[in-house]
Structure formats: C-alpha cells, structure tokens
Amino acid sequence: MSAPAPHVVDAEVAVVGAGAAGLYAALTAARAGARVALVSATPLAQTASYWAQGGLAAALDPTDSPDLHRRDTEVAGRGIVRRSAASLLCREAPGAVRELEEHGVTFDRAQDGSLALGLEGGHSKRRVVHAGGSATGRRVVRQLSAVVVEEPRIEVLEQARAAAPWTVDGRCVGVVLEDGRAVRARSTILATGGAAALWARTTNPPGSLGVGMMLAHAAGAALADLEFVQFHPTAVAGVPGREGFLVTEAIRGEGATLLDAQHERFVEELKPRDEVALAVFRKMAEQDTRNVWLDMRHVDPHSFPNIVGALRESGLDPATELVPVSPASHFCMGGVVADLDGASTVPGLYVVGETANTGLHGANRLASNSLTECFVQGKRAALAGLSEPRFPVAPENPPAQTAIVAPSQATRENLWRNAGLARDAAGLAELARDPHPLAQIVAACAMLRQESRGAHFRTDFPDTDPALDGHHAVVRNGGSPAFEPWT
C-alpha cells in the first residue's frame, strides 16, 4: 500500500521562525493582503527573541543622525561592514521604532515623555530604545504575537519544525516539516535565528543551532562569514541555575564596571564587544581564574528588574554583591548570503534576522543593531517576496522530510575549544574533522581567514590584514570558502 500524500498548506508567503524577524515579516505580508503560513517550533512568544535583553538602535535624538549610526556600525564591524547594508538599516531604523509603536509596543519613556535612549558599547550617542528595561525582547515578541494571533490572513503552525527546503528546478517553492506536512508558497522566508548554541558555553537557548543556515545550504544557497561569532563578555559564570545568563550591556552603559581578581578595573567597559570580550578572556588567562567580576552595585536595580530578579532568585544580590561573569557565544555575524531585501542566492528563498548575512555586522556586531535589523529586514523581505512570480506548474508532491542534524555535546565542546575566543591552525584542523556540517564550515572559513579581525582572533595570525578589508569568506555550491569583496 502506498503512503498517503502529505498534507500541503498553500500560502503566498511561508515564514519559518516566529521570533522578532519572523513575526514582523508575517505581519507585513498579511497587512499587504497576502495569505501567510507561519511555522513556529515553539508556542508563540517562546522564541529566542523573547529573551533578548538589548534594545533597538535608532538615531532618534536630535543630536544624532543615521550617518553617525552608520559610522559607529562600520567602526564596530572592523573594516568589512557592507556600507549599503549599514546605510539602509540606519536610515530605516527610526521608522521601524515608530511602526512598532503603531503595533502596540510600548517603549520606555524619559520623565519629559520622550523615548528613553540608552547607551551601549560602540555607540557614540544614546540611541538604544528599550521596553521594560532589559525585558525588550519579551515585551516586543509578546505584543507582536498577540497581533499575529488576531490576523485572519496568518495561519500559525505551532510546534512544527522545518526539516527540508522544497525546491523545484532551482527555485524554492516552500518547506517540508518534520511531521510530514509541507507548506507551498510563492516565497519562503527563513527567520530561524542563529547558531550560537552550537558552542558549549552560550547565552542562547538550546534551539539556536543554525537550522535556517542548514536548510538554506541544502537548497543550494551560499553561506558567508561563519568564522565571525560574537562572544558576549558578561555572561554569568559559576552561579547554579544561571550559567550563561546574559547580563545586558546596557548595565555597563549605566555605569557598571568590570573588575579583575584584585577588584581592579582593567578595560574600558563601553568599547565594542570584541575588544571587551577579548580583554576579559586575556585577564582570566593571566590570572588563572574562571571569571571576572561585574560591579553593578551603583546601578539602579529598578532599571533592570528581570536581571536583578533572576540573580536574586539564584541567591546573588547584584545591588550588594559582585556578579561573576565570563564570555559566552552570543551572536553569529555570518549566515546565509542575502541582498538588501533578504533574497538569498536561491530564487524564492529569503532570509532575515540572525539567519541572514547582508554584510551589516561585518566582523563584530554593534550592540542592539540586530533587533533593529529584524524589523527593517523582516519588512523588506516580506514585501519583496510578494513580487516573486507564482510557480508556473504547482508541484504536487514535496520531497521526503529529513531530520536536521543536531550537534552532539562533543561537537559543542569542539567548537568552544577550537573556535572560541582564540583560534589557531592546529585547533581549526581538528574542528574540520568534526561530523557536524556547520562545524566544518566554521572551521573552513576560520582557516581561510589568516588574520585577526573583530570577533575572529587567531593566535598564529594576530594582526589584521588590510588586503582583506571588505572581503567576506563565501561558501557556494557546497565548495570551499573563497574571499569575495562586497560593497
């Protein structure tokens, strides 16, 4: 007896991932009149974006400008930020904040009623807006999820996981789910987050394993810059139940300091993250310690209620005690190669958020640009996807679903050991033999880049090579990475 035909959901736009980028892409497409299928591996409002403590970076102060924001982005990105991507984000960021307010998101306000603007590392101006202090991700995702549920044009497929891309004659026409169902669509948008949880020590939830990158790669899409993984300098260390818990950079923006084993300051806390994380890493090695200390005793605890509350639940009061912290894998600058509308190198397939690599973040992401990117690029990808032609002959049978390769604990430890804050040729050669496909690509990109730049520090090539300014390690057609200049 033949197997029953899989259930196929037809939509104009398929969105895989219901974090900030996916929710906004789905809403934008629906508000433009399209039927949308939103695939979410978790119940709505339980995605990685929910835990985002940072805010949205946007030039909203009268003394600020999109051009200043772009320049800060380029400085943080260490010479390989794609200027066109940075200019676009910084120009459209203020409008994204206003649109979120129209969707019902309530941002924090100053006493005079204006938006409260925070300062974070690498920013020359106060330009980061928050919702509920460090609960921004929670507030934004919760509100957008509520709006999505009320939108009749969006069909939400909760607790459904993508297993394979659906391609016909080189064009993506949808996605196959692990349960055997499939979504057929005019355009498919992958918004599944990054891959930082591939590393053994991480701030990310367990599902951030590069699923979208692997789906896109299976469809034939190019990947780039997987050697650039940002390590957040202030993740809680050694506190039971809170290992890897992120203490937002905004706390350092309000005056918290980093102290060594002798309780002495050793770094300028508001330098870009790559510098601060490497300084912490080196200080720990120099003093043979497992952590440094974050002193936030002089920061108003009411400004960051969820962080203070979480630490107090674990038996540590940051209002009176130092917080033990050390770096942890946090954000992937690399991802699926995308243009300024989120289009990948495969027709019909779009990527947004941390799944994508437009060149915006370069070698080191500027704090709070990523959440802004979710809304700017999510909107653009949704609208661009609606301009895709309908497939001339609708395929009837999707391919068989295949399970996405999950990393073993050995793989996660291999990445932490050999592609952590410091790398060298011997360790990367060991990593290249790991069975996990993304671990192999990380190793290949990092081997190719024989220099130190941003979040990629090689002890055997400690200097930056000016000849590689503007060059990105691109993997096409399953081959080895090669450098390509992006403008």
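**Salt bridges, sheet, core and cavities**

A: Glu 275 is partly exposed, at 32% relative accessibility (partly exposed lies between buried, under 20% relative accessible area, and exposed, over 50%, with a 1.4 Å probe and protein chains only). This is a predicted model, in which local features need pLDDT of at least 70 and side-chain atom pairs count only at pLDDT 80 or more, while totals for chains, interfaces and linings use all residues. Residues are numbered from 1 along each chain as its sequence is written, and side-chain values use heavy atoms, with hydrogens and water left out.

Q: Which side chain meets Glu 275 in a salt bridge?
A: Lys 271, at 3.8 Å from N to O. A salt bridge here is a side-chain nitrogen of Lys or Arg within 4 Å of a carboxyl oxygen of Asp or Glu. Lys 271 is also partly exposed, at 32%.

Q: Which residues do salt bridges with shared partners join into one network?
A: Asp 67, Arg 70, Arg 71, Glu 74 and Arg 83.

Q: How many salt bridges does the whole structure have?
A: The search finds 35. One of them joins Asp 274 and Arg 78, at 2.9 Å from N to O.

Q: What does that pair tie together?
A: Asp 274 is in helix α7 (residues 273–287) and Arg 78 is in the loop between α2 (66–76) and α3 (83–102), so the contact links parts 196 residues apart in sequence. Helices (H or I, at least four residues) and strands (E, at least two) are DSSP runs, numbered from the N terminus.

Q: Is Asp 274 buried or exposed?
A: Buried, with a relative accessible area of 12%. Arg 78 is partly exposed, at 22%.

Q: What about Glu 101?
A: Its side chain meets that of Arg 109 in a salt bridge, 2.7 Å from N to O. Glu 101 is partly exposed at 27%, and Arg 109 is partly exposed at 45%.

Q: Switching to strands. What is the order in the open sheet with β5?
A: β3-β5-β4, with antiparallel pairing. β3 (56–57) and β4 (117–118) are the edges, each with a single partner strand, so one side of each has no neighbour in the sheet. Strands pair if DSSP finds at least two bridges between them.

Q: How many bridges join β3 to β5?
A: Two, with β5 covering residues 128–129. Ala 57 has Val 128 in β5 as its bridge partner.

Q: And the largest nonpolar core, which members touch the most others?
A: Leu 38, Leu 100, Phe 107, Ile 189 and Phe 375, out of 53 residues. The core is a set of buried Ala, Val, Leu, Ile, Met, Phe, Trp, Tyr and Cys residues joined through side-chain atoms within 4.5 Å.

Q: Which elements give two or more residues to this core?
A: β1 (8–16), α1 (20–31), β2 (36–40), α3, α4 (136–149) and α9 (369–385). The largest share, nine residues, is from α1.

Q: Last topic: which element gives the most to the lining of the largest cavity?
A: α7, with four residues. Asp 274 is among the lining residues, and so are Arg 273, Ala 277, Leu 278 and Phe 457. β11 (229–236) supplies at least two as well.

Key
On a 1 Å grid over the protein atoms alone, a cavity is a set of points where a 1.4 Å probe fits but cannot get out, and a pocket is an open set with protein on both sides within 12 Å along at least five of seven lines; lining residues have an atom within 4 Å of a point.
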